[in-house]
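Have the viewer open as you read.

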Amino acid sequence: MAARILAVWRRNFMVWRKLAAVSLLGNFGDPFLYLLGLGYGLGLYIGKMGGIPYMAFLASGILCSSAMNTATFEGLYSAFTRMNQQHTWEGMMATPLGLADIVAGEILWAATKSLISCAAILIVALLLGGVQTPVTAWLALPVVFLSGLCFAAIALVVCALAPSYDFFIYYFTLLVTPMFLFCGVFYPLAALPHAAQAVAQLLPLTHAVALMRPLLTTLPLHHAWLHLAVLAAYAAVGFVLAVRLASRRLLR
Amino acid sequence: MSGAVVSARGVRKRFDGREVICGVDFDIRPGICFGILGPNGAGKTTLIRMLLGMSPVSGGDYTLFGRPAGDREVRARIGVVPQMDNLDPDFTVRQNLIVYARYFGLLPRQAEPRAEELLSFAELSQRGDSPVSSLSGGMKRRLLIARSLINDPDLVMLDEPTTGLDPQARHLIWQRLRELKRRGKTLVLTTHYMEEAEQLCDELMVLEHGRILARGSPGQLKQAHVEPEVVELRGGISDAGVEELCLGLDIRREHVGDTWFCYGQDARLLVSRCAEVPGLIFVHRPTNLEDVFLRLTGRELRD
C-alpha cells in the first residue's frame, strides 16, 4: 500500500516541482507579510503578549495557520480539480490504485506542501527574531507535518462532498477563518469568553498552536499528548470519512 | 465456458432503484476483439465500469481472469482507454506514460524504454516532449491507447475509442487495434460505429436497455437478422409506387422519413425496375451491421 500511496504523492510532487518557485512564493509571501506587518508594526505597540515578545507569539501562530492554509487549499481546490475536472483520480482507479490509496496520497502530499512552506517561514521567523529557542525549533517541523495531515484530511472530506468550487466558501467562512481568528494565533485563548474557549478547544488549530508555541518560545509545554492525539484523531477520522464519501461519490 | 477472459452470469446493475443492466450472460474468449454495441444509455459503459471495479455489481457473477470484477490484482493485467480524456494536463506526452507506469509499480528505468516503444507504436515519437494540451483529438486518443498498454496488459478495454475523430485518425487507430490483436491481446470495445465493429470485432453483442438483443460474429448477425441486399429509394415515390415496384418480388420494406429500405435475398430485379422510374434516386448495396443494428434497436432517436 505504501508504494501505491507514494505513486500518487509523487505525481503531485512532479507537478509541483515544475512550478515550485511560484508556489513557494505564494505559500511564503502571505505569512511573511503578516509577520512583518503585524509582528513589527503591531508588536511595537503591544510589546509583550502572554509574557513573550509579540513577534515570537505571532510567529508560532502564523506557522500553524500557514500549515492549515496550505494543506486546506491543496486538499480543496487542487484535489477537487484532480477528482472532478481532470478526472485524474478516475485514471488512477483503472490501475491497481484504489480510492483509499488516492485519498491517502493526496493527504500525504498536502501535508508535505505544508511542511515545505512552513520550513521556509520558520527560517524567516528565525531571521526576524520570532524564535526564542532555536534548539527546540526544529521540532516545529513534525508538528507542522501532523497539522498538515489533519487539515488535509478534513479538506478532503469537504472536497468529496462539494458539488462545485463555490461550496468551499462555506468551509472557509464557517471553519477556516474562525480558526484563524479564534484559536490563539494572534492572542492567547484566555482572552475569549469561557464558552468560546470551550468551542475553540474542539478545533484542531487550537491544539496545533498550543503544541507549537512552546517549541519556539520560552513558554512551558502542557498536555503535549492531548494536542498530538487531537490532531492525529482529526487526521484519522478525516481520512476514513473522506474515503467513504469519495467512494459514494465516484463508485456508482 | 472455461478459459474465458471475462465471464458474466446474470449480471445486474441498479441505479437509484432503476435496473440498467438486467441480468446479462456472456463470455469473452482470449485473443478476440469483443464488441459491445448499443444505443446511448444501453448500459455499455456500465458493463465496463463494473468490470473495473468503478461501479459495484448489484447482482450475478462477473469475473475477469477468474477473479471477481474490480479485483486489484486483476486491474494490473488490464489496460483501459476511457471515453473521456483523462490524460494528465500537467505533464508532457512522455511524462504521462512514465507517471502512469508508476501506478502499476513500474519504476522509471523500467517504464522509459517501454514508453519510447509505445510512443512509436502510437506514432507520437516526435511529440514526446509536447504538453498534452497541444495534441489534437486523434493524438490524445492515441496517447490514451499507448498509456493503456504501459503495463503490457492481457486485456484492453476501449470505451468508444474513435468517437469524434476524423477518418484519418480513425483508420490509424483501427490499424493499431488490429496490430494489438495480432500480438495476442484480448480487446473489449464499445462503439456506436457499425463500420468500426465490422472492421475490428470477431464477436459482438447488441445491448439495449440493459439486455442483450443479439450476439455473434458480424457475419452471423447479418445472416440472422437481415437479408443480404438492400435497395434504398428516395425522391417523390408514393407508397403505391413502391408496392408496384416490389410486386411479385420477395422484398421486405421499411419506410423511414423520405426513404424506403427494400431488403431481399437478391435485389437485381428490383434494381432494374427502379432504373426505369424517372427521377427516382436509388442505392443498391449489401446490407451491413448498421441495418442489423437499426432492425434490432429501432429507428427512433435516443436522447
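Start with the largest nonpolar core, which has 151 residues; of these, Leu63(A), Ile107(A), Ala153(A) and Leu156(A) touch the most other members. A nonpolar core here means a set of buried Ala, Val, Leu, Ile, Met, Phe, Trp, Tyr and Cys residues joined through C-beta atoms within 7 Å. Buried, in turn, means that 20 or more other C-beta atoms lie within 10 Å of a residue's own, while 12 or fewer makes it exposed and anything in between partly exposed, with C-beta atoms placed from the backbone. Helix 3 of chain A is the biggest giver to this core, with 17 residues. Leaving aside residues up to four places away in sequence, Ile107(A) touches Leu149(A), Ala152(A), Ala153(A), Leu156(A) and Phe239(A). Another core, of 14 residues, lies apart from the 151-residue one, and includes Ile237(B), Leu245(B), Cys262(B) and Leu270(B). As background, nonpolar side chains tend to be buried together in soluble globular proteins.

A word on what you're looking at: this is a predicted model, where local features need pLDDT of at least 70 and side-chain atom pairs count only at pLDDT 80 or more, while totals for chains, interfaces and linings use all residues. Residues are numbered from 1 along each chain as its sequence is written, and chains are lettered from A and ligands numbered from 1 in the order in which they are written.

Now find helix 8 of chain A, residues 168-182. Helices (H or I, at least four residues) and strands (E, at least two) are DSSP runs, numbered from the N terminus. At 1.5 Å a residue, the 15 residues of helix 8 should span 21 Å, and the end C-alpha atoms are 20 Å apart, which agrees; the expected span is 1.5 Å times one less than the number of residues. There is a kink of about 30° at Val176(A), shortly before the proline Pro178(A). That bend is the angle between axes fitted to the seven residues ending there and the seven starting there. Val176(A), Met179(A) and Phe182(A) in this helix are buried. An α-helix has 3.6 residues a turn, so residues three or four places apart point the same way. The cover over the buried residues of helix 8 includes helix 3 (54-85), helix 9 (194-202) and helix 10 (204-216) of chain A. Just after helix 8, Gly184(A) takes a positive phi of about 95°.

Over to chain B, which has 11 helices and 14 strands. Buried residues make up 41% of its 303 residues. An open sheet of 4 strands in this chain has the order 2-1-4-5, with antiparallel pairing; strands pair if DSSP finds at least two bridges between them. Strand 2 (18-28) and strand 5 (67-68) are the edges, each pairing on one side only. Strand 1 (residues 6-15) and strand 4 (residues 59-64) share 5 bridges, and Val6(B) stands opposite Leu64(B).

Strand 6 (residues 78-81) of chain B is covered on both faces: Ile78(B) and Val80(B) are buried on one side, Gly79(B) and Val81(B) on the other. Strand 6 runs parallel to strand 7 (residues 155-159), joined by 4 bridges, with Val80(B) partnered by Met157(B).

Finally, look where the chains meet: the contact takes 19 residues from chain B and 20 residues from chain A, contact meaning C-beta atoms, placed from the backbone, within 7 Å. On the chain B side, helix 3 gives the most, with 3 residues.

Key
Contact = placed C-beta atoms within 7 Å.
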